[in-house]
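I set out below, entry by entry, what I looked up in this structure. Each entry gives the terms it needs where they first occur.

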Amino acid sequence: MARSRKNYTISQKVVALSPSPSDLIVRFSAPDGGPPETFDFNRYAGNGDIRCAFVEAFYEHYLSAASQTRRTAFYTIKYFFDFLNFPQNAAITETKLISTETLHAFISWIDHHPGWTIGTKSGVWTPPKLLLRWMQIRRPAWVSDDLELPFNPFPNRNLHAKRREGLSKAEIKRVLNACRLEINESWNLFLYGQSAIASGECTSRVAPRNLDLACRATLIKALHDRFGPEVPSWSVLTRKGAGFTPLARAVRLAGGISSMSRYFHMTLEAVIPYMIAIGSQLFANPDALRLIRRDCLSEHLFLDGRSIVSWEKPRSGRTQRRTFLRDKDMSPPSLIDRVLAMTEPLLDRCEPRHRDLLFIYGATERHRQVQPPPGYLILNKLAEFVQRHDLVDDEGAPLRLTLASLRTTGLSLAHAALGNDILKTQALANHASPETTRLYVDAPSARNARASEIGKLQARFVDAIRAGLFEAPPAPSHQSDVDASSATASGFTCSDPLNSPMPGQQKGRLCTAWLGCFTCPHAVIPLESQTLARLLQTQIALTNARRTVSPDRWNALYADKLAILERDIIPRFPADALEEARSIMAMLPPTVEVE
């Protein structure tokens with residue numbers, strides 16, 4: 001009896017939806033071992049079956065998304081549920097009843113919402129569209145067969161977007177000078193504290209009243225020997241009967257717990273100037289900068305004295321990299337080394353999910369957490385930093401300094417240094433579209449610089465025409481004055497390169513058939529080591545291309561050529577030429593990349 005074939009068809013059976021409250025909660029586990037991220041769809045009114053369908057789609061679609069992307073989508077999808085709850089949509093009791101007309105009505109409702117920009121309208125439309133698209137692919141029985149998702153109903157979302165505000169060159173210079181002062185001060189205090197801790201014998205067996213606590217080094221040593229790498233809280237120092245009253249009095253005279261903590265580890269006030277100085281040179285987004293990892297630094301493999309700084313950009317899902325010299329005290333590698341040293345004493349008390357982060361600090365308040373600085377505290381401390389150094393903008397008003405403005409400032413200055421080339425700046429910023437880059441660099445100064453450059457080029461062009469430097473081009477001719485006596489390709493020499501029999505070539509024109517010499521009757525192969533070295537280079541390039549080029553393309557274009565090279569051409573060379581050719585290969589220029 002013939003063996004039946006196994007059926008691999010995926011069943012399209014409708015999955016039963018259970019609209020119980022527990023089924024309307026989505027939980028994403030945290031990769032760093034922290035508490036799960038929870039999204040409760042019970043907060044949205046409406047039909048339970050529709051919400052349950054969107055719950056599964058939300059979980060599957062945003063499983064690998066960044067936390068901020070999930071939160072934005074969850075709060076934005078509220079508008080779609082609000083729309084479905086309108087009286088005219090009362091008949092829509094399941095996702096299968098959501099029609100194309102329903103989506104067009106939703107788009108019209110979004111479009112007439114007062115106060116929303118095109119970017120906001122597009123953001124409100126995108127999450128439900130993505131989830132319905134997921135249902136069409138993964139759960140087609142849940143949606144109508146003729147459902148069509150309108151494509152890009154809100155085009156040019158960035159056309160009228162405002163340019164992100166940055167700092168001028170003079171403003172960022174004043175900010176970095178202030179950072180340099182605080183960075184050097186905090187680093188010197190930390191070095192002094194570590195030197196005091198490492199010096200002398202342990203003081204824990206000596207009563208505090210018998211120590212010279214007026215000496216700062218002695219006070220630091222006594223605190224460390226009794227309490228470890230952090231200054232204790234006031235409740236510990238002033239605990240009745242503990243005998244720490246002399247230490248508490250000395251700490252108070254020395255400026256308090258916050259002041260003394262600077263000798264032991266990184267504090268919140270100390271970490272802010274490091275974030276500013278590093279962020280202004282990395283051009284990193286605020287969240288990416290705040291969550292940069294401790295292993296972000298690596299040495300450059302080819303350039304001595306340069307280091308690579310790498311960090312993750314959550315929204316793009318790609319690793320960002322920039323290289324810097326190490327010979328400057330304010331370069332990111334040097335600053336990162338200092339941050340690593342100043343946060344090292346805090347790692348034992350840091351939560352596992354934060355232990356891999358670069359920017360952590362030890363709180364000096366009542367609750368002594370070790371954590372990365374939260375966003376709201378960074379804003380407060382940046383305002384204090386501006387006030388402390390009396391930083392003003394070019395108009396004399398208090399400077400508006402944020403981590404987001406550092407990226408705009410850095411890209412704007414880099415754009416000017418790159419000759420206002422938007423594509424080069426786009427590559428530097430790692431943007432998917434030059435439109436996004438334009439929002440950062442389209443400042444009046446950049447527009448004036450472009451206009452000035454275009455004016456100079458036009459003036460030079462006019463002067464060249466007036467001076468008679470341009471002549472009419474000669475009439476086209478099939479005769480070539482190219483000296484083709486030594487025309488070569490991939491180790492071959494051609495007997496008649498101006499009369500190629502290969503397809504697509506014109507008589508009298510130099511042959512341009514890339515890798516066509518393998519099957520060309522005009523090919524001449526001298527039995528020389530230099531020729532063999534070039535052929536071996538071509539063999540390696542074709543072999544490597546097998547791993548990068550799609551199989552169909554490689555088989556169609558290169559497979560036969562590599563077979564001819566390995567089977568018919570290379571074996572004809574004498575054995576002694578092979579060793580000499582391999583030594584010559586290292587001195588030859590690289591071959592063209594095979595694509």
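I take contact to mean heavy atoms within 4.5 Å. I take helices (H or I, at least four residues) and strands (E, at least two) as DSSP runs, numbered from the N terminus.

**Basis of the entries**

I note that this is a predicted model, in which local features need pLDDT of at least 70 and side-chain atom pairs count only at pLDDT 80 or more, while totals for chains, interfaces and linings use all residues. Residues are numbered from 1 along each chain as its sequence is written, and side-chain values use heavy atoms, with hydrogens and water left out.

**Entry 1: the chain**

I counted 22 helices and ten strands in the chain. I call a residue buried under 20% relative accessible area, exposed over 50% and partly exposed in between (1.4 Å probe, protein chains only). Of the 595 residues in the chain, 41% are buried. I also looked at contacts with a separation of 6 or more: residues 24 or more positions apart account for 63% of them.

**Entry 2: helix α16**

I listed T425, Q426 and A429 as the buried residues of α16. Viewed down the axis of α16, they fall within an arc of 105°, so they line one face of the helix. The arc is that of the directions from the helix axis to the C-beta atoms. I found that the cover over these buried residues includes β4 (306–313), β5 (318–325), α15 (403–417) and α17. The face turned away from the buried side of α16 carries L423 and A427, which are exposed.

I then examined both ends. At the start of α16, a side-chain oxygen of D421 comes to within 3.0 Å of the backbone nitrogen of L423. Just after α16, N430 has a positive phi of about 60°.

**Entry 3: α16 against α17**

I recorded how helix α16 (residues 422–429) and helix α17 (residues 434–441) pack: the angle is about 95° and the axes are 9 Å apart. α16 is therefore roughly perpendicular to α17, a label for angles of 65 to 115 degrees; under 35 counts as roughly parallel, over 145 as roughly antiparallel and the rest as oblique. The axes are lines fitted to C-alpha atoms, for helices over the stretch in contact, and angles run from 0 to 180 degrees between N-to-C directions.

Is T437 buried or exposed? T437 counts as buried because its relative accessibility is 0%. Leaving aside neighbours within four places in sequence, I found T437 in contact with I422, T425, Q426 and H431.

**Entry 4: helix α9**

In helix α9 (residues 245–253), I found L247, A248, A250 and V251 buried. Down the axis of α9, these buried residues fall within an arc of 165°, so they line one face of the helix. They pack against α7 (216–227), α8 (234–237) and α10 (257–261). The face of α9 turned away from its buried side carries the exposed residues R252 and L253. G255, which follows α9, has a positive phi near 115°.

Technical notes
Polar contact = N/O pair within 3.5 Å; in protein donor to acceptor, adjacent residues only side chain to side chain.
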